[in-house]
Amino acid sequence: MGPIGANEFLFILQGLKWTALLAIIGFIGGGVFGILIAVTRVSKSAAARAIAAAYIGLFQGTPLLMQLFVVYYGVALVGINVSAWLAVAIAFTLHASAFLGEIWRGSIQAVPKGQTEAANALGLHYVSRMKDVILPQALKISMPATIGFLVQLIKGTSLAAIVGFIELARAGQIISNQTYRPLLVFGIVGTIYFIICWPLSHFGTALEKRMAKAAR
Amino acid sequence: MTASDNTQSMLISLEKVEKWYGAFHALKDINLTVRKGEKIVLCGPSGSGKSTLIRCINVLETIEGGRITVGGRVLDGSSKAVDAIRREVGMVFQSFNLFTHMTVLQNCALAPMRVRGMSRAEAETLARKYLERVRILDQADKYPAQLSGGQQQRVAIARALCLEPKIMLFDEPTSALDPEMVKEVLDTMISLARDGMTMICVTHEMGFARQVADRVIFMASGEIIEEAEPDVFFTSPKHERTKTFLGEILAHH
Amino acid sequence: MNYQFDFGAVFERAPELLWATLGTFGLAFAGMALALVIGVVGVIGRTSPNKIVRAPVIAFVEIVRNTPFLVQIFYIYFALPLMGIRLNPTATAIIALGINGGAYAIEIIRGGVESIGKGQVEAGYALGLHKADVFRLIVLKPALRAIYPSLTSQFIMLTLTTSVCTSIAAYELTSAAQRIESDTFRSFEVYFLVTGIYLVISTVMMGIFALISRRYFSYPTR
Ligand SMILES: Nc1ncnc2c1ncn2[C@@H]1O[C@H](COP(=O)(O)OP(=O)(O)OP(=O)(O)O)[C@@H](O)[C@H]1O
Ligand SMILES: [Mg+2]
């Protein structure tokens, strides 16, 4: 058994950096595309709605790990010389866009109908109605679920380890193999995830409770 | 009547019972005895502790002081005593509290099977007997949500009777009902009373009280203020608070 | 793009994939069963008036829900032998899945239990039933009905999570896919196909859950 020294710990923290980066990129990229998905999902065109629904169903009905594999090898097939890092980032972005799209679809539909009617009565056109009236309210409604998904996403980035990408979980695996102290190492790694995820979860539930109270 | 006759025919006794909800004194020095076959009507303003009192009798609430005896058994906080007492006491709630996921028959057969250890067949035979008794056997296979309020309350009475209890407690059994359904439930209760069931009823149905009660008890702010036979109680109440209360009740009816 | 797709090499391994699909179903259902048991037992502790009983359950739920399944399964994989429990990877995976799903189940069931009116519970006590019977006979079914949608979508999530069990080489679809990939080098084809299989699995499960719901929870409520 080897000791867990400063070097090992630094290596793990290096992994944490990539975990954070992946989660942030996935969340922001997924957020941008997610709004598109959500808006398509509630659009007037039945065909557009069906396509968005199929996209969401595909990502919610298959394992994240498979999505990583398919995108990872699929991107390589396209031929451009993309780095593993970009491939994984694309995969998380697509994944997040489907989930966030579905969450926000629900929130858009939870905005009272009267709001749309009032916006229409004021003569606002579609873009303004969405951008100025509906989406801001939907965003607020969606906050607890959105934060909940962010936690899912942060935990999900650990699966990049299986594709071979060195983030927090994979860094832990490597150190564990070097030092033969799996329980200590995975304990530390788990604690790091917990320190990031728990406050977020807590914030999400607190928001939810506050909103439930306000609604009463 | 000798002293020993008295204790033998005594089914329920509350001695110096005290009940607190945190800092709130809900029952104050309650003394009450109920003999076998007696019908007690309990009335009083909202918040006076009527529900609390009868809920203490079958241990849905615990007491902080005094002593409750049911059927000769002291409620000493042991789970044995709790079991024995609940076995002897049937309770009917204001809001029926039928189990929504069970049919009428299943609602009634549950306790006989689980508490009295009957087989399903025995329990269902018993359940049918009491459903017949409250004249609702034809609804046996329906779910509670498919019945009217009055029908649900009669099922709830049958369900309690399936324990074959010595005592029935009623907590405002008709006050959640539409007026046209009150009578069917009261009629059921009257017929129970005629058959000699020992009953404590929290109710403001004064007609019912006159007709069946042996004693009417008036409570206010956690105390028993006055206790009398119905004739005396309604015609010449002693206490000011009773008079005010009766005035209000009778004005409403 | 001048890549030549070759699904033939993967199709040749169809029997292997079929067996592995059954393996995935097995993992999923065993994991769910264990999760349900942990959920039901856990929620009794979670709703206990005694803080000493409640606290460890809360800690368990929070830890599991705020760490990745991958880290959990590794931890369990290494921890079990140290506790003197030697299990094959598949059994280990079932335990990990059960623990993970159980933590979510506790919270979901708690929500359901809290949605059951106090009157139902009191009526049970008044009929002389004991706490365990009141829970099992009176609270459980209506609570299950209330939580059914979230519980079943959690179960589908758990089924998809079984793919992570490849990391300890449990017998299931993703490890079969990885094996076939390393034999045939047809990475994209394998994963594409297997993704399709997962899609079928989750769709079938949704169908089954809908069917169960119609059979079991069809009693009317106002
Ligand atoms: N669980 C509880 N916690 C705190 N206070 C309670 C609780 N239950 C009842 N109380 C209080 O105890 C008092 C007596 O309540 P109880 O329900 O016995 O009144 P009641 O005479 O049945 O009134 P009502 O006619 O409205 O049913 C009330 O002031 C009530 O607020
Ligand atoms: Mg009351």
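This report covers the chains, the interfaces and the ligand site of a predicted model.

Residues are numbered from 1 along each chain as its sequence is written, chains are lettered from A and ligands numbered from 1 in the order in which they are written. Because the model is predicted, local features need pLDDT of at least 70 and side-chain atom pairs count only at pLDDT 80 or more, while totals for chains, interfaces and linings use all residues; side-chain values use heavy atoms, with hydrogens and water left out.

## Chains A and C

Chain A has nine helices and zero strands. Its elements run α-α-α-α-α-α-α-α-α from the N terminus on. Helices (H or I, at least four residues) and strands (E, at least two) are DSSP runs, numbered from the N terminus. The C-alpha atoms of chain A fill a box of roughly 70 × 50 × 25 Å, taken along the principal axes.

Chain C also comes to nine helices and zero strands. Its pattern along the sequence is α-α-α-α-α-α-α-α-α. Along the principal axes, the C-alpha atoms of chain C fill a box of roughly 75 × 45 × 30 Å.

## The A–C interface

Two pairs of chains touch, and the pair with the most contacts is A and C. Contact means heavy atoms within 4.5 Å. Here 34 residues of chain A are in contact with 34 residues of chain C. The buried area is about 3000 Å², and carbon and sulfur atoms give 79% of it. Buried area is the accessible area (1.4 Å probe) that two parts lose on being put together, summed over both. A:M66, A:L77 and A:L183 supply 22% of the area that chain A buries against chain C, more than any other three residues.

The polar side of this interface can be counted too. Between chain A and chain C there are zero salt bridges. A salt bridge is a side-chain nitrogen of Lys or Arg within 4 Å of a carboxyl oxygen of Asp or Glu. Six residue pairs, both at pLDDT 80 or more, are in polar contact between chains A and C. A polar contact is a pair of N or O atoms within 3.5 Å; within protein, one must be able to donate a hydrogen and the other to accept it, and residues adjacent in sequence count only if both atoms are side-chain atoms.

Several elements of chain A give two or more residues to the side that touches chain C, including α2 (46–60), α3 (64–78) and α6 (126–156). The largest share, eleven residues, comes from α9(A). By class, this side has 22 nonpolar, eleven polar and one charged residues. Ala, Val, Leu, Ile, Met, Phe, Trp, Tyr, Cys and Pro count as nonpolar, Asp, Glu, Lys and Arg as charged, and the others, Gly among them, as polar.

## The B–C interface

Chain B touches chain C through 25 residues, which are in contact with 21 residues of chain C. About 2000 Å² is buried between them, with 64% from carbon and sulfur atoms. B:F99, B:H101 and B:R114 supply 28% of the area that chain B buries against chain C, more than any other three residues.

One salt bridge is counted between chain B and chain C. B:R55 forms a salt bridge with C:E122, with the closest N and O atoms 2.4 Å apart. Six residue pairs, both at pLDDT 80 or more, are in polar contact between chains B and C. On chain B, α3 (79–88), β6 (89–92), α4 (104–114) and α6 (149–161) each supply at least two residues of the side that touches chain C. That side has 14 nonpolar, six polar and five charged residues.

No contact joins chain A and chain B; their closest C-alpha atoms lie 24 Å apart.

## Ligand 1

Residues of chain B surround ligand 1, among them B:Y21, B:F24, B:P45 and B:T52. A residue counts as near if one of its heavy atoms lies within 4 Å. By class, the shell has three nonpolar, six polar and two charged residues. Helix α2 (residues 50–57) of chain B gives the largest share, three residues.

| Residue | Distance |
|---|---|
| B:S46 | 2.6 Å |
| B:K50 | 2.8 Å |
| B:E172 | 3.1 Å |

On its own, ligand 1 has 630 Å² of accessible area, and the protein covers 60% of it. Accessible areas come from the Shrake-Rupley method with a 1.4 Å probe; for residues, only the protein chains shown count as cover.

## Salt bridges overall

Over all chains, the count comes to 27 salt bridges. B:K166 forms one with B:E88, the closest N and O atoms being 3.1 Å apart. This pair links distant parts of the chain, 78 residues apart: B:K166 is in the loop between α6 and β7 (167–171), and B:E88 is in helix α3 of chain B.
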